[in-house]
Amino acid sequence: MKKWDYHTQDNAKLPDMTDEDMMMPPFRHDDQTMDEDFTSRVMEQIRKTEILPAASETAPDYPADPKRRKLPIAALLAGSAAAVIVLTYLLLIPSVTKGPPQVQTASSQRLLLLPSEWTDHRLLEAKKAGVIKQPDIEVTDQGYTLTLQEVVADPNRMMLNLRITDASGLPAEEMMARFDVSQLQLQNEQGEQIGDLQSINHMDTKLAGDQFRQEYLLLTYYFKNEPPGDTVHVVGMVHELMKDSKNNAPISGDWSFSYAADMTTAKALTETTDLNKFSYATKDGLNIQMNMITHSPAGVKLEFSTTLTAGLASRVPENRRVNLGVKYHFEDAKGQTIGEPVSSKYSGYPAIIRDSQDLQIHWTYYMNELPYRNEPVYFVLDGFSIPVKTEDSLTFQPALLKTAAAVFTAQGDSLNVNTIKITETQAMPGPSAWMAISGSFRNGFDLDEWTARDNEGTEYEVFRWGSYRDGDPVTFGQRDENTDLVYLIVDGMTSVPGELTLIRTVTEMNFTDVDWRFELPRGNATSQ
């Protein structure tokens, strides 16, 4: 996947930049190609999908970090979001259990995808089990109607299907697109707020040609801090709706509601299996302790903990310990990978929540489905990554870059310094030395930190700007006319020195010397 970022080594907020300022169009694309039919039917459906960072008081919020300003991740989320979109089909299947009548319109019955293309079997099973509720909640004021169409009342993932229509019964697209989700709360029986909003899906249907219409919002919540009780109250304290983007003045009214979602059906069908007998110590200083796996009608939750040994912790900058990434995947009995490999470096994707306490991190990984109760499924560790302190360096004479690139090699990484020039931009007043780079890294690239020292001993902060392709290996920089530029910028350097030393002080190191695989237990499950 290709990432665009702007990286400094401190947490100072940097000014926004224009295309002209940065000499590179800020767009992203993926190497993976998909057929035109998929693109038209799926990618357009999720063009307004928001995946929120995993809620955690201690783990870093990557998308909001001023050190990394990435482009929208719509293409990255194609697979998982498409699986979410199929909820449209699954949620609107007539329930096999009795429940309150649902107000339906022609547009609310429209199927976004055929079930043969993308299926979420857990939601289908949840529907059959009566876990997907159909509240009779419809509130009208000021000519607009807010409807709570469906609720997935499940302890692993709770989902709300919300719709706003105008006086003619048509969807109020702008209001849904600009809806303030903070006006909604999940509350326990004591009236305390619970649940963490994980994603907001703006669900569209295709009209004629390339036109789409937003039909409703699909909100997904996880219960991080406490499991839900027998009842979860969905409380809408909705007093403002935004009419359009041209007029920021909201429409005031009262669309408040409360719905008591019965969780007892899902809880009775929820099973938790103890995994504490499974643990592993890597050679490089990461200890992993499995905790439990929980299966519910609408999803699966895997929990484990990691601890850094004193030796590894001494190599990691203290403020970077929370940047640990664990890589693993699931296999069937034939060794075939189930789903996508998991890289938990970015806590907002996939559905990972982690709580960090000094050297220990507790991980909670949410999945829509994992068939471990019906067939052999194996957890396979692929490795981990964490930023470590390094002193790798390259000393070169900038004048010689006219004939050949200066090459930095260390830890299996290779970086070419191709050109250097002193320049400034409107967004970054004051001259700095811009070095165009290219290369390939076996380690990560996102969290590396660099400094520079000229031949007079003056040290400079170095930050990175540009796009790169995340993968194995990470690749970046201009190698031909079709790739984009990446820069290491020596901040405040006003003239090109006769000799320059580039130092990588922190390396986002990948550790792959691991050998651990175990079967998830199918028996001895206990109801929760």
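I began with the aromatic rings and found Phe278, Tyr280, Phe304, Tyr328, Phe330, Trp363, Tyr365, Phe379, Trp516 and Phe518 linked by ring pairs into a cluster. For my own record, rings of Phe, Tyr and Trp (its six-membered ring) pair if their centres lie within 6.5 Å; planes under 30 degrees apart are stacked, over 60 edge-to-face, and the rest tilted. By this rule I get 20 aromatic pairs.

A caution to myself: this is a predicted model, where local features need pLDDT of at least 70 and side-chain atom pairs count only at pLDDT 80 or more, while totals for chains, interfaces and linings use all residues. Residues are numbered from 1 along each chain as its sequence is written, and side-chain values use heavy atoms, with hydrogens and water left out.

**Phe304 and its partners**

I looked up Phe304 with Tyr328 and found an edge-to-face pair, 5.7 Å centre to centre with 90° between the planes. Phe304 sits in strand β18 and Tyr328 in strand β19, so this pair ties together parts 24 residues apart in sequence. Strands (E, at least two residues) and helices (H or I, at least four) are DSSP runs numbered from the N terminus.

Next I checked Phe304 with Phe379: the ring centres are 6.5 Å apart and the planes at 65°, so this pair is edge-to-face. It links distant parts of the chain, with Phe304 in strand β18 and Phe379 in strand β23, 75 residues apart.

Buried means under 20% relative accessible area, exposed over 50%, and partly exposed in between (1.4 Å probe, protein chains only).

**The largest core**

A nonpolar core is a set of buried Ala, Val, Leu, Ile, Met, Phe, Trp, Tyr and Cys residues joined through side-chain atoms within 4.5 Å. The largest one has 37 residues, and Met290, Leu302 and Phe330 touch the most other members. Elements that each supply at least two of its residues include β18 (299-308), α8 (310-315) and β23 (378-396). β23 gives the largest share, five residues.

I then listed what Leu302 touches (heavy atoms within 4.5 Å). Leaving out residues up to four places away in sequence, the list includes Met290, Tyr328, Phe330, Trp363 and Phe379.

**Charges over rings**

Last, I looked for NZ of Lys or CZ of Arg within 6 Å of a ring centre and within 35 degrees of the ring normal. Arg464 lies over the face of Phe445, 4.3 Å from the ring centre. Arg517 lies over the face of Tyr378, at 3.8 Å.
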